[in-house]
Amino acid sequence: MTASTSVPIQNQDASAVLLSVDDLFVHFQAGKTSPFKPASVVHAVDGVSFRVRRGTTFGIVGESGSGKSTTAQAIMQLVPATAGRIVFRDKDIAGLTGEPLRQVRKHLQIVFQDPFSALNPRRRAGDQIREPLDLLHIGTRSERDERVRRLLGEVGLPPQAADLFPHQFSGGQRQRLCIARALAPEPDLIVCDEAVSALDVAIQAQILNLLKRLQRERGLTYIFISHDLGVIQQFCDEIAVMYLGKIVEQAPAADLFAAPRHPYTWSLIAAAAPPGPLRDELTRRYLVGGDPPSPINPPPGCRFAERCPSVITHCRETEPHLDSIGVEHYAACHRIRELAPPDINALTAS
Amino acid sequence: MSTVLQVDNLCVGIASGNRTPVPVLENLSFEVQRGRTMALVGESGCGKSMTALAIMGLLPEGFVVTGGRILLEGEDLLTASRRRLRSLRGNAMSMIFQEPMTALNPLYTIGDQIGEVLRWHRNLGRADTREQTIAFLRAVQIPAPERRLNAYPHQLSGGMRQRVMIAMALACKPRLLIADEPTTALDVTVQAQIFDLLAKLQDETETAVVLITHDLGAVSELAHEVSVLYAGRCIESGVSHEVIEHARHPYTRGLLACVPHLALGRQAAKVWSDLGEIPGMVPPLGSRGPDCAFLARCSYADDICRARPQPPLDPAGPQHTVSCWRHAEIAA
């Protein structure tokens with residue numbers, strides 16, 4: 001795979017980086033349309049690289065089909081990476097199986113989107129939280145029970161909850177159970193894959209506050225995946241915007257929303273901006289039409305070319321690299337130097 | 001302005017054997033005028049979707065209307081015959097469902113499904129149906145409509161499917177359209193397109209729209225009026241910008257505070273500050289007493305709230321009513 005797609009590495013304190021993903025590719029075979037043609041390939045994740053510092057929250061935002069969940073699953077080793085390295089705690093974990101993988105999962109946990117399908121309906125809540133402890137042989141039997149009780153308290157559920165079945169809980173409470181289960185082996189990194197998207201707004205706020213409190217208390221690191229820019233902005237320190245399997249822009253949260261540089265980011269921001277004259281102005285100028293194209297056998301050139309209002313011939317022929325354009329700010333666009341970014345500060349001031 | 005839909009003291013309950021039905025909706029009243037949009041807002045379990053299903057006469061088995069009236073241009077829908085309802089549904093009133101994948105039949109092409117509405121209600125012939133269907137697909141901005149006519153739902157993206165649903169719902173130019181969270185299943189950029197499309201079509205056809213949503217923040221630009229539901233009761237209603245800007249009920253205020261809205265520019269928040277949260281959750285069915293349903297979660301709750309039943313909707317400003325004993329103090 002081409003090395004040029006990787007993010008230029010800055011001089012970062014090596015010990016501060018907990019997870020480093022280098023040139024990750026995840027491709028799936030998608031069946032044949034004709035017996036004489038080769039099978040088509042879904043390019044779910046196509047050369048993604050990023051680094052996550054200890055104790056911070058790394059956000060990934062994008063539309064459906066952008067590969068954000070596949071990236072999360074590849075980090076968790078739930079889908080095999082086609083190529084690339086996933087370095088977690090200074091060890092490449094890509095392709096690990098069996099006991100070594102189990103040992104890694106002690107430090108690496110995930111919270112899924114749908115708390116209804118993420119819990120086994122036939123097992124009691126307490127048993128499900130204890131399961132990772134049993135499998136990883138952490139503590140004695142009574143210590144595990146004690147820890148389950150403590151975890152329930154930490155996520156705001158009463159100790160009696162341990163004896164109930166998942167259907168006896170509401171959606172928000174189930175997500176609390178999932179968080180308690182992820183916390184059980186005391187991991188360093190928790191991947192939250194759309195962890196609040198399925199919840200009502202009031203419950204969503206409760207869960208976000210809970211996750212943030214746990215981060216403060218335990219020094220947790222999160223990879224937070226969402227399609228909701230408002231949530232991402234509030235919750236994350238650093239944000240990557242994905243489109244069709246690639247990162248198109250990556251920046252610290254404050255910079256991304258003060259000076260976005262990629263036309264796709266402009267469009268996302270225009271769609272999510274709070275109502276008012278600013279939003280009208282942004283949508284008029286920057287909101288793109290259409291749907292994201294299929295990730296099956298994508299055409300050469302920039303993935304966004306089909307919907308980009310500023311597209312030129314060069315964009316359709318050559319793929320842009322993710323280049324450094326500021327302090328820890330990267331964008332993949334051929335016309336980055338020509339296109340004037342929206343002057344958000346002037347627009348918000350007026 | 002003429003009133004298209006009038007809902008009067010609507011009560012819906014779940015029948016439970018010989019006992020009195022467990023209330024799901026209590027004394028809900030609202031009106032929608034021609035060409036206007038009315039939003040119903042609340043968490044899940046507040047009765048938003050049940051209101052929509054009651055209007056359409058599609059309440060699931062076990063649910064019964066226990067009181068009130070629903071008038072569509074003066075015609076009482078609750079006493080209408082099944083045959084009459086069948087001819088009204090899809091013709092005078094129609095509905096866009098939340099999940100376009102489950103609302104479309106996977107075994108028929110989208111041309112068949114939109115055409116069915118026209119053949120049934122308009123008695124159009126084959127050629128006319130085809131021509132009209134293409135025109136509707138073009139109106140909802142589906143590219144290459146002649147080819148899409150023969151596509152099955154699984155061949156379309158989520159946004160396209162929702163456009164097909166809209167085309168189907170608007171095929172007979174209904175006077176009332178109910179949109180039940182029409183964009184929750186869609187991506188943000190597509191959501192904006194769908195709302196723009198709905199607004200454009202509404203301008204052309206002067207359809208009255210009931211919009212069901214949980215995003216109170218977005219209501220002011222999508223709807224003219226809003227009713228906030230909580231546990232099956234309307235707790236605040238009025239002109240949308242008035243309700244959003246001067247929310248009086250603690251629940252409405254809580255809903256507004258707990259959504260993290262995107263902040264742009266240099267003043268964008270850089271440090272995490274905890275979101276305003278409403279503790280607890282909506283009380284389950286059957287455990288809702290006569291007192292204020294929000295009492296257990298309310299930070300303003302006082303002796304007066306515990307001592308008396310839930311107050312009726314009380315005027316709190318021009319075209320703004322609220323059901324709260326302490327709304328005057330909260331506003332101050």
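The crossing of helices α5(A) and α6(A) is right-handed. The model is predicted. In chain A, α5 spans residues 171–183, and its axis lies 10 Å from that of α6(A). The two helices pack at an angle of about 20 degrees. Angles under 35 degrees count as roughly parallel, so α5(A) is roughly parallel to α6(A). On the α5(A) side, the contact is made by Gly171(A), Gly172(A), Gln175(A), Ile179(A) and Leu183(A). On the α6(A) side, Ile203(A), Gln206(A), Ile207(A), Leu210(A) and Leu214(A) take part. By class, 6 of these contact residues are nonpolar and 4 are polar.

Helix α7(B) covers residues 158–170, and helix α8(B) covers residues 188–205. Their packing angle is about 15 degrees, with the axes 11 Å apart. The pair α7(B) and α8(B) is therefore roughly parallel. The crossing of α7(B) and α8(B) is right-handed. From α7(B), the contact draws on Gly159(B), Gln162(B), Ile166(B) and Leu170(B). These meet residues of α8(B), among them Val190(B), Gln193(B), Ile194(B) and Leu197(B). Leu198(B), Leu201(B) and Thr205(B) of α8(B) also belong to the contact. The contact of α7(B) with α8(B) comprises 7 nonpolar and 4 polar residues, with no charged ones.

Helix α6(A) also takes part in the contact between the chains. That contact takes 39 residues from chain A and 38 residues from chain B. Several helices of chain A each supply at least two residues to the side that touches chain B, including α6 (201–218), α9 (263–272) and α10 (277–286). The most comes from α6(A), with 8 residues. By class, this side of chain A has 21 nonpolar, 14 polar and 4 charged residues.

Strand pairing was examined around β10(B). This strand spans residues 233–239 and is mostly covered, with 6 of its 7 residues buried. Strand β9(B), residues 225–230, pairs with β10(B) in the antiparallel sense over 6 bridges. Glu225(B) stands opposite Val239(B) of β10(B). The strands β9(B) and β10(B) form a hairpin, with 2 residues between them. In the turn, Ala231(B) has a positive phi of about 50 degrees. A further antiparallel pairing joins β10(B) to β12(B), residues 320–322, over 3 bridges. Here the bridge partner of Ser237(B) is Thr321(B) in β12(B).

Definitions and conventions: Residues are numbered from 1 along each chain as its sequence is written. Chains are lettered from A and ligands numbered from 1 in the order in which they are written. This is a predicted model: local features need pLDDT of at least 70, side-chain atom pairs count only at pLDDT 80 or more; totals for chains, interfaces and linings use all residues. Axes are lines fitted to C-alpha atoms, for helices over the stretch in contact, and angles run from 0 to 180 degrees between N-to-C directions. Helices (H or I, at least four residues) and strands (E, at least two) are DSSP runs, numbered from the N terminus. Angles under 35 degrees count as roughly parallel, over 145 as roughly antiparallel, 65 to 115 as roughly perpendicular and the rest as oblique. A crossing is left-handed if the near helix is turned anticlockwise from the far one by less than a right angle, and right-handed if clockwise. Two residues are in contact if their C-beta atoms, placed from the backbone, lie within 7 Å. Ala, Val, Leu, Ile, Met, Phe, Trp, Tyr, Cys and Pro count as nonpolar, Asp, Glu, Lys and Arg as charged, and the others, Gly among them, as polar. A residue is buried if 20 or more other C-beta atoms lie within 10 Å of its own, exposed if 12 or fewer, and partly exposed in between; C-beta atoms are placed from the backbone. Two strands pair if DSSP finds at least two bridges between them.
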